[in-house]
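Dear colleague,

My notes follow it, starting with the ligand and then turning to the protein as a whole.

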Amino acid sequence: MVNKTTSDDPSTKNPFASSAATSVPIPSLYLVARYLPAQKTRRRLPSHPAGNRHLVADGEPPGPPAVASLPVTTMAADAKVYRATTSAPVNIAVVKYWGKRDTKLNLPTNSSLSVTLSQDDLRTLTTASCATTFGADSLTLNGELFDISGARTQACFRELRARRANLEAADPSLPRLSAMPLKIVSENNFPTAAGLASSAAGFAALVQAVAILYELPDSPSQLSLIARQGSGSACRSLFGGYVAWRMGSKPDGTDSMADLVAPASHWPEMRALILVVSAAKKGVSSTSGMQQTVATSGLFQRRISHVVPASMDRMEQAVRGKDFSTFAEVTMRESNSFHACCADTFPPIFYMNDVSKAAIRAVESINAQAGRTIAAYTFDAGPNCVIYYLNENAPAVLGAFSTVLGNVTGWKSSDSIDSVVKLDEATACALKDGVGRVIMTSGDGQKPPHAAAPTRGAVRPVAGWLRLLFEVFIPVGFPASVSSDYAAYQTYDSLQAFFSTINSLLANRALLEGLGVGDANSSATFAMILTVMKDATSRISTILFAHRFGLMIEADAKTYRFLADVLNDAAFFLELYSPFLGPYGKVVALCTGEAMRAICGVAAGASKAALSLHFARRDNLSELNAKEASQETAVGLIGLVAGSALVQLVQDRGAVLCLVIALVMAHLWMNYKGVRCVQLTTLNKQRASMIFACYRKQGVVPSPRQVAEEERILFWNNATTNAKGAPVCRVDFGKSYTDAMGPEGSRDKVVVVDGPMHTSFIHPYAAGRLGKIKILLWERAEAKHAILAWFMAAQRASAMDESMPHGYGGEEGARHRCEADKGRQESVKHPGARDEALWRQLEKRGWDLEAAALEPGDAARLCADLTGKQKAE
Ligand SMILES: Nc1ncnc2c1ncn2[C@@H]1O[C@H](COP(=O)(O)OP(=O)(O)OP(=O)(O)O)[C@@H](O)[C@H]1O
Ligand SMILES: C[C@@](O)(CCOP(=O)(O)OP(=O)(O)O)CC(=O)O
């Protein structure tokens with residue numbers, strides 16, 4: 001698969017050219033290989049809006065990751081720039097590599113084992129190019145030229161060139177890339193040389209990018225032999241998941257390579273929290289530090305002969321058996337053993353500082369309070385702490401740290417953060433002072449895209465195609481990068497798109513017939529007028545609907561998403577039957593159908609945007625939208641093929657009608673199932689009422705999933721019921737003071753009650769007529785106040801009946817409540833809107849208390865004037 005591009009091609013603009021600390025999700029469509037005419041690449045690329053600090057002399061920033069390059073046959077070899085891009089993950093060892101037995105070949109004194117971290121959060125992005133016109137080999141790292149004369153980089157270049165040269169010798173038609181100078185441009189989106197394994201991701205990406213460029217057929221293990229020579233730990237970054245580097249015993253190092261212990265999918269619950277204590281370059285590099293240890297530490301000898309072999313065995317078993325407690329114990333012991341050897345080096349090396357030690361104390365305290373090992377710390381050659389934990393323990397582990405480090409950057413959703421674990425004062429202070437940033441990530445690190453380039457005409461293995469399909473249609477980092485309801489919703493959404501495509505084919509045929517195609521009595525002028533009218537109706541409907549309902553869609557996204565398709569299907573029927581109507585009937589049917597479709601377009605677009613916002617968990621909204629479009633397009637294509645066959649087969653009107661009815665049913669059913677499984681966490685009127693009713697009855701807040709199961713998609717009855725279960729009141733937000741007070745004649749019956757940041761206007765209940773509570777929020781009220789006001793109104797309404805027409809809001813209600821409370825013990829008091837327990841549970845259950853979904857539309861606010869009276873704006 002070849003993409004011939006020029007620098008004018010937008011895809012050559014660097015989507016990643018941002019500051020080194022920025023974390024940008026990596027697109028997973030890796031099939032990009034580029035052959036650029038040299039004169040074109042010399043033109044500067046347009047500047048990146050965020051600044052082009054990473055653009056290099058000839059405008060070749062890293063582009064999107066790639067896996068394959070194919071030979072170019074149309075241009076003279078010396079007129080081209082060959083280029084490939086890839087990305088590689090960071091790995092953090094749980095059994096540490098420390099010490100070399102051969103410094104030239106980078107052969108270790110012990111085996112090691114690591115967890116590959118997610119590329120969504122930490123990655124190196126590298127572009128390798130070669131051209132005869134390049135002056136010499138070069139490496140630009142994070143925007144600056146980097147010295148590549150070192151033996152390790154040279155060893156990588158040499159090995160890679162030798163392998164390419166072998167390919168060229170076997171097939172003389174291949175361009176002689178091995179003879180061309182190499183230009184490497186690389187970016188790390190995390191601190192370099194600060195003990196966060198930048199050399200691992202850096203050399204893995206370099207080797208992989210050149211391997212792709214050279215189309216080397218080598219496996220990751222074979223490439224790990226080369227990456228190892230750049231930096232030992234880099235050999236493990238050529239794999240995702242849990243990876244061992246076997247030390248080997250051969251003097252030439254041909255058996256010192258990495259292999260996969262278990263893929264990330266084997267233990268996908270693994271998470272990592274990194275406390276960035278220092279992003280500065282460390283004082284003693286790993287390379288020199290480990291050799292000082294080898295030369296001077298007595299402890300080190302025991303480590304390599306006894307400690308590590310035992311650790312490797314235990315760790316491999318722990319990973320295979322998904323035994324976190326052993327995994328954690330070995331991880332922490334290993335980190336301690338490695339740093340003890342550093343301290344035993346003469347002169348001693350200290351990579352950890354007081355903040356690192358506070359992090360260790362924090363982890364110990366978390367484990368002690370949990371009563372079992374739920375977190376494990378480890379430190380590479382620097383003070384930054386990596387804490388491994390399982391997703392199920394995220395609340396306890398993250399909660400403990402977020403309580404003290406809540407103000408540093410890097411926290412993702414606070415959904416599951418619950419601070420049950422408390423850190424002692426001294427530990428908390430040390431962490432607060434010393435941790436500058438956190439990185440929340442997981443052990444689902446993807447390996448770099450595989451370099452084995454398919455030769456032309458070669459058959460891609462089935463697994464490869466499946467992976468490619470997965471990457472094209474599924475968001476990067478799935479399932480962690482999306483909410484848990486994403487997969488189910490998208491499945492139903494794709495199915496509904498399939499049925500809808502077939503339906504639209506049938507409707508289109510009817511539409512053409514409606515316009516007069518195949519009708520000898522119809523004229524082109526009639527068809528044109530009809531088209532113009534349809535178009536005008538569509539545009540006007542779009543504008544009117546967007547104006548009237550635009551603000552309401554987000555709060556009731558599920559309802560509007562479903563309604564959109566109901567309208568769409570109604571439009572199908574109108575179009576389908578338009579050919580049987582007279583000219584005026586046709587005009588009315590087709591224009592109405594068009595208006596419905598226009599409204600469907602606005603409602604579906606806006607509600608989909610709200611749903612995507614809910615699904616996106618890693619700032620990946622745009623990617624989700626793009627993937628959604630891809631999914632729908634692909635399903636639409638399949639639908640087109642199936643539909644075309646059906647349209648041919650089914651011509652009879654009766655059969656068409658039956659088919660359309662069946663398809664519409666299937667389409668609506670899929671839609672209904674789709675929206676049903678979405679577990680929105682915002683509190684709209686229905687969800688807020690359901691939650692509060694449940695809390696009042698049972699003292700517990702239901703989860704978003706439980707609410708989603710019960711929630712009405714259409715026809716929600718918004719009347720609040722009283723203790724006897726009779727509907728007594730409607731609660732709503734007032735549009736203005738006049739609206740809240742009601743008509744002049746009945747204002748004397750309205751009871752006005754102030755609450756926290758809101759005022760309720762209570763219109764009494766009477767037999768046969770529902771009461772009404774209108775809420776006006778005060779100026780500066782926030783989403784939480786709106787929710788509280790809603791709960792308080794529901795609570796007031798719950799006591800309404802003939803004897804208490806204003807519920808708890810009126811005098812009689814207040815008296816009643818006081819007496820009732822006096823007679824009751826504290827413990828049996830009815831749960832109420834202001835209970836701390838309610839708000840704690842709301843947060844714990846993951847409800848979003850910051851989103852203003854209760855007050856769709858233009859919200860009115862009360863503000864106090866100078867005389868102290870209140871008025872609505
Ligand atoms: N993107 C990159 N491309 C090529 N080389 C890189 C890249 N990033 C880092 N390196 C190399 O790795 C070196 C840093 O390695 P070093 O071992 O000192 O730190 P680290 O890997 O961040 O920490 P540790 O290995 O202790 O976890 C850099 O000086 C550079 O030579
Ligand atoms: C502490 C470590 O991170 C050491 C990493 O050392 P490097 O791989 O950076 O060393 P060189 O081979 O000299 O480049 C432990 C580990 O990753 O296993």
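**Around ligand 1**

In this predicted model, the element that gives the most to the shell around ligand 1 is α3, with 4 residues, where helices (H or I, at least four residues) and strands (E, at least two) are DSSP runs numbered from the N terminus. Residues are numbered from 1 along each chain as its sequence is written, while chains are lettered from A and ligands numbered from 1 in the order in which they are written. Local features need pLDDT of at least 70 and side-chain atom pairs count only at pLDDT 80 or more, whereas totals for chains, interfaces and linings use all residues, and side-chain values use heavy atoms, with hydrogens and water left out.

The shell holds 19 residues, each with a heavy atom within 4 Å of the ligand, and the closest are Ser-186, Ala-197, Ser-198, Ser-199 and Lys-282.

Among the polar contacts (pairs of N or O atoms within 3.5 Å), a polar side-chain atom of Asn-188 lies 2.9 Å from a nitrogen atom of ligand 1. An oxygen atom of the ligand is 2.8 Å from a polar backbone atom of Ala-197, and an oxygen atom of the ligand is 3.1 Å from a side-chain N or O atom of Asp-380. The protein covers 87% of the 640 Å² of accessible area that ligand 1 has on its own (Shrake-Rupley method, 1.4 Å probe).

**The protein as a whole**

The secondary structure comes to 23 helices and 23 strands.

With regards

How values were computed
Polar contact = N/O pair within 3.5 Å; in protein donor to acceptor, adjacent residues only side chain to side chain.
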